[in-house]
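User: Hello! I would like to learn how to read pockets and ring contacts in a protein model. Could you walk me through this one?

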Amino acid sequence: MYTKISENLNRILTFANKYNPTIIAVSKYYTADKMEEAYRAGLNNFGENRVLDAIEKIHLMKEEITSNSHYHLIGHLQSNKARKAVGVFDLIHSVDSVELASHINDIAKQKGIVQKILIQVNNAQEIQKFGIAPSQLENLLDKISDFDSISVEGLMTIAPLTDDTVLIRKLFREMYGLKEMYRLKELSMGMSNDYKIALEEGATMIRLGRTLFE
């Protein structure tokens with residue numbers, strides 16, 4: 001069935017296909033029905049900001065979809081929500097402290113799983129956003145390197161909301177440099193307004209909401 005989402009996805013793929021990224025459908029503002037529509041269009045990675053909202057939507061979807069989909073927590077994870085998040089989300093994008101990583105590790109150990117995570121880096125140094133400074137990354141990775149119930153898959157960043165594409169490109173390029181320096185696999189960066197720059201600068205995962213669903 002041809003839908004607005006499949007039309008949007010085809011348009012996105014005309015640019016994105018050559019980079020072969022993981023496209024995360026950011027479903028935080030959209031219903032379970034819209035997630036099902038995205039799944040039928042060929043997407044099976046979904047990004048949510050709030051743990052409880054995500055769990056509610058997962059329960060509303062058909063078993064076929066939930067068992068064949070991957071869920072990403074892209075919003076800030078509060079410690080008191082970590083127990084509900086661990087094991088539900090295939091990948092937690094927003095780890096930004098040793099304390100949170102340790103808490104996730106302890107919960108994952110209790111559940112008998114290894115939780116995949118990304119480290120959120122705030123290389124634009126925006127005070128209103130979460131994430132560590134690039135200068136703190138080495139210390140954080142060193143301190144959590146012996147945690148055996150989490151797996152650090154890579155890095156995540158959120159670019160400033162600006163029309164300054166030169167700045168955005170510079171920040172994304174810096175993130176790619178950090179990914180390569182620490183020999184990490186994934187780089188989650190780029191949203192509806194800047195995903196093309198992100199892909200050109202080495203993103204392996206892009207997070208698309210409005211440009212995909214509307």
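This is a predicted model: local features need pLDDT of at least 70, side-chain atom pairs count only at pLDDT 80 or more; totals for chains, interfaces and linings use all residues.

User: Which helix gives the largest share of the lining of the largest pocket?

Analyst: Rolling a probe the size of a water molecule over the atoms shows where empty space is left. Here, helix 3 (residues 51-60) gives the largest share of that lining, with three residues. The largest pocket has a volume of about 730 Å³. Its lining counts 29 residues, and the closest to the centre are Lys28, Tyr29, Asn49, Ile74 and Gly75. By class, 11 are nonpolar, 10 polar and eight charged.

User: What is the volume of the second largest pocket, and how does its lining divide by class?

Analyst: That pocket has about 190 Å³. Its lining divides into five charged, four polar and two nonpolar residues. Among the lining residues are His70, His72, Asp90 and Lys116.

User: Now the rings: how many aromatic pairs are there?

Analyst: The count is three. One of them joins phenylalanine 15 and tyrosine 19, tilted at 35° between the planes and 5.6 Å centre to centre. Phenylalanine 46 and tyrosine 71 form a stacked pair, with 6.1 Å between centres and 25° between planes. Phenylalanine 46 sits in strand 2 and tyrosine 71 in strand 3, so this pair ties together parts 25 residues apart in sequence.

User: Is phenylalanine 15 buried or exposed?

Analyst: Phenylalanine 15 counts as buried because its relative accessibility is 16%, under the 20% cut-off.

User: Which lysines lie over the face of phenylalanine 15?

Analyst: Lysine 18 lies over that face, 5.4 Å from the ring centre, and lysine 196 also lies over the face of phenylalanine 15, at 5.4 Å.

Conventions
Residues are numbered from 1 along each chain as its sequence is written. Side-chain values use heavy atoms; hydrogens and water are left out. On a 1 Å grid over the protein atoms alone, a cavity is a set of points where a 1.4 Å probe fits but cannot get out, and a pocket is an open set with protein on both sides within 12 Å along at least five of seven lines; lining residues have an atom within 4 Å of a point. Grid points are joined across faces, edges and corners, and a volume is the space filled by probe spheres set on the points. Helices (H or I, at least four residues) and strands (E, at least two) are DSSP runs, numbered from the N terminus. Ala, Val, Leu, Ile, Met, Phe, Trp, Tyr, Cys and Pro count as nonpolar, Asp, Glu, Lys and Arg as charged, and the others, Gly among them, as polar. Rings of Phe, Tyr and Trp (its six-membered ring) pair if their centres lie within 6.5 Å; planes under 30 degrees apart count as stacked, over 60 as edge-to-face and the rest as tilted. Buried means under 20% relative accessible area, exposed over 50%, partly exposed in between (1.4 Å probe, protein chains only). A charge sits over a ring if NZ of Lys or CZ of Arg is within 6 Å of the ring centre and within 35 degrees of the ring normal.
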